[in-house]
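This report describes a protein model together with its ligand. Please examine the sequence and the structure shown below before reading on.

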Amino acid sequence: MTIFAPGRANSIGEHTDYNDGLALPMAIQLGVSVRHSPRSDDRVLLESEGHDAGFLDEVTEHSPNHLRLAASVARRFDVRGVTWTVSSTLPEGSGLSSSAAYLGALILASGHRGDFHDVARTMQELEGECGSHVGLLDQLAVLGTREGHAMRIDFSTMTTTDIALPASWAWTAVHSGEHRTLAETRYAERRAQCDFIANRLGPWRSLNKDDLVVLDDRQLQARARHVICETSRVDQMIDAMANSEIDRAGQLLNESHASLRDDFEVSTPGIDELAAQLQATSGVYGARLVGGGFGGCLIVLHRDDIDLTATYRNAWRLRPGAGALR
Ligand code: GLA
């Protein structure tokens, strides 16, 4: 038996998930597959292309992350007597959610099923046990997205809505060639700043830009401005999709990038240069950093008849697929 879980490309709504905001991810055709082969003993062996193999009962807190995550799945769901063989078409650490796809595929390979909201929370808990405290964007997207749709997620109510993607809009992920450095530490710093702001000013969704003057720290003001404006861009994007306004959608991507660069400061000079180059390319409507930042990919919205994979070496034309539980 082989299980597949897709990665995701977030069209817009970045660093909003842990701030009760909105996001609009789509599942993509790239993802992680896990082959589940029964063994004659009781042990669980994990083999993974390009990574160390290991028996999961030997995993310790010093083991590599992919083995710790797999061991936490095996423990949680009492998995025995199996070899899991993992292969992936998703570039790792690139902002396309390779870790949620990996974890999602393992959980489904362990036989666990359920409502995708509940399974997403279980994934978040398991990642937390392994030291990575992320929001719920990736898990919900890789599990619950409907084919050909993006998923509007409202993190303040945990409600999800399917949003039809205009069929003629073309999306490509272009890798910056930069690997994420210190991403986890910096992500944790951003989260701590956002928690501080919410504690001081009240629930995010009740705030608007004018409320920020009471924050005397300009950096905190900028962080909050990103969260508030990025959340408002999500419904603007949905409106642009509903009205086939691709120019406006591209503009929203560019504004999102500028906000991630200047206000949330999760970009890098190399990524900014690539974003500017892409944004100036004929046939491109907009481009922005995708995912947590500090390296990885940009997501680009462009005319259907241009092929960015011919120009950029590490680029993938994205086909919006279905989440692993849809
Ligand atoms: C990473 C995290 C998500 C989300 C994004 C930023 O992908 O795993 O929870 O916070 O960064 O939007």
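The model is predicted, so local features need pLDDT of at least 70 and side-chain atom pairs pLDDT 80 or more, while totals for chains, interfaces and linings use all residues. Residues are numbered from 1 along each chain as its sequence is written, and side-chain values use heavy atoms, without hydrogens and water.

Q193 belongs to helix 5, residues 183-201 (a helix is a DSSP run of H or I with at least four residues, numbered from the N terminus). Q193 counts as buried because its relative accessible area is 16% (buried means under 20%, with a 1.4 Å probe and protein chains only).

Helix 4, residues 137-144, is mostly covered, as eight of its eight residues are buried. Its buried residues pack against several elements, including strand 1 (2-10) and helix 3 (116-129).

The residues around the ligand (a heavy atom within 4 Å) include Y18, V134 and Y187.

| Polar protein atom | Distance to a ligand oxygen atom |
|---|---|
| R8, side chain | 3.2 Å |
| D17, side chain | 2.6 Å |
| G292, backbone | 3.4 Å |

Taken alone, the ligand exposes 310 Å², and the protein buries 93% of that (areas by the Shrake-Rupley method with a 1.4 Å probe).

How values were computed: Helix = DSSP H or I, 4+ residues; strand = E, 2+ residues; numbered from the N terminus. Buried < 20%, exposed > 50% of the residue type's maximum accessible area, 1.4 Å probe, protein only. Polar contact = N/O pair within 3.5 Å; in protein donor to acceptor, adjacent residues only side chain to side chain. Contact = heavy atoms within 4.5 Å.
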